Amino acid sequence: MKRAFLYVALLVGIATLMVSCNSTDENLRAMVPDDAVGVVSIDLPKILDKARMIDQGNVVVPQDLKKVIEDSDPTLLGDLIDNLPASGIDINSKCYVFFSPGIYKIVTLLPLVDGDATREMVRKITSSKMTEVEGVDFATHLDYAYVIDGDVLLIGRYSNPVDAKVAAIAAGDILGKTKPSLLSNDEVASNLADSCDINAYVKVKEFSTILKTNSRFSTIFGNVPAIEIITDSDIKAMKATVDFNFSKEDGDVAKISTQLIYDKNGQYSQLYDNLIATSTDSASNVLSLIPGNELDSYFAIKIDGYKLVAMPQMEKMFEVMESTPLTHGLKHKDMIASIKGAVVVGYGKSTVGDWNFAVAAQSTNPQLIVSQIVDVASSRGQSPLQRNGEYFYDYDAQGIAMGQTQDAFYLRCVDFETQYSAAELAVLPTKIDKTSIAYCRQLKIGNALEGFLYWGLEDKTNGSGFYFTAKENENVVVSLFKYMCYKEPNSSLEEEDNFDYGF
């Protein structure tokens, strides 16, 4: 009888816990407003467990992760992880992040089990005690608001500087569920229902508008009209998942999966069919022209230039090129039409200039591209130096080297040259031939390589990628946390974003 009673009591306890967890999750999901342009669900208990940061129900932050947090400028994630053991945050429930065009451009919703402990954590982060503003407990730090109402902590990053009362009212509206939930949309909810560690659903066009307010994004892409062919296309949304996988076959790796949602007969579909070169030579010859030491990020796309120049969307780009002093006079259509195959762009930090960068492209007539640049530059009094078939130009404190091979054009602007090329990078050479668009990044903490991120679009709809560490036997979750918690001290890129604190 006693055993039966204990069995029933155990079942009741489990059921109560499940109802409580479901109730907490439903409460947070209901707070994501229907005007959000994207939402991410994060399975906090699974991720912390895979990071091996749970010991007898308590959070333990690994020493190497704590050291990264302490040695770098503060970031939002770094502050949260550093204070997580005594934060009052419910580590047994999911949390949610959503993007918005409103007062806050990014909002994090975290469930709480101890509001007083959370208020103390906020006091440590903001160096000020939370006070009641417009009916909620409120504090601010740099461009973030910290708001507690009931058993939920909201952390919101301002879109623009804003009065505390206005920020508190906006947070109260979110916490009070004054708008219908985005997740009441069955399509969005179903796309967020995977049992992966991280699930995301993003409206591509609207999300790109938010990205353009970020100086780091706009610095790199803001003056490139071609980027709008994708971001302003009719792609409806993108679904993405991340799963931390530990297996003998793959090793420790974060697996990334993406799926584009679009009209099968729409603009994006036609663009892809016309833009992407489906039958190309191996891209290894192009990668061998791109440095591997001086660059951190690489973007590759396979292009059929002949089809590309005939697209109506390109007319705007040609008009901009012709009106720009740097590119005025070049035969842009002829140059682009000669490209067929992989175009690879790499960039990274420079110690003497703004950026290290390199461009290489497969071409049916690389001599046309080189001669056009040489002729136009020389007509403006910028004749190059020549050595061993290469052309050299002065560019501030750096030099630009330009040249060609039998089937490729290249241009490099780097602090120094080594024999190490992108063709020797892990994974990229074998993956780039199997994808139409690819991105990879060597993730560094200071000058030390921490890990390697790769993503590729395999066809019109599906993409996949992964993150793995550069250090043998390091936990992949902790490694990714380390990189995300690190911000280079006094980074000039960060200074461009007013009082930047992450994202």
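Buried means under 20% relative accessible area, exposed means over 50%, and partly exposed lies in between (1.4 Å probe, protein chains only). These legends describe a predicted model, in which local features need pLDDT of at least 70, side-chain atom pairs count only at pLDDT 80 or more, and totals for chains, interfaces and linings use all residues. Residues are numbered from 1 along each chain as its sequence is written, and side-chain values use heavy atoms, with hydrogens and water left out.

**View 1. Glu120 and Arg123 form a salt bridge.** A salt bridge here is a side-chain nitrogen of Lys or Arg within 4 Å of a carboxyl oxygen of Asp or Glu. By this rule the model has 20 salt bridges. In this one, N and O are 2.6 Å apart. Both residues sit in helix α5 (residues 115-126), three residues apart, so about one helical turn separates them. Helices (H or I, at least four residues) and strands (E, at least two) are DSSP runs, numbered from the N terminus. Glu120 is partly exposed, at 34% relative accessible area. Arg123 is partly exposed too, at 36%.

**View 2. Lys471 reaches Glu450 through a salt bridge.** The N to O distance is 3.4 Å. Lys471 lies in the loop between β22 (462-469) and α18 (476-485), while Glu450 belongs to strand β21 (residues 448-457), so the pair ties together parts that are 21 residues apart in sequence. Glu450 is buried, at 2%.

**View 3. Lys482 also forms a salt bridge with Glu450.** Their closest N and O atoms are 3.6 Å apart. Lys482 is in helix α18 and Glu450 in strand β21, so this pair links distant parts of the chain, 32 residues apart. Lys482 is buried, with a relative accessible area of 5%. Which residues do salt bridges with shared partners join into one network? They are Asp64, Glu450, Lys471, Glu474 and Lys482.

**View 4. Ala408 sits in strand β19.** This strand covers residues 408-413. Ala408 is buried, at 0% relative accessibility. What does Ala408 contact, leaving aside its neighbours within four places in sequence? Contact means heavy atoms within 4.5 Å. The partners are Leu289, Ala361, Gln362, Ser363, Pro366 and Gly403. Take Leu289: Ala408 and Leu289 are 119 residues apart in sequence. In space, their C-alpha atoms are 8.8 Å apart.
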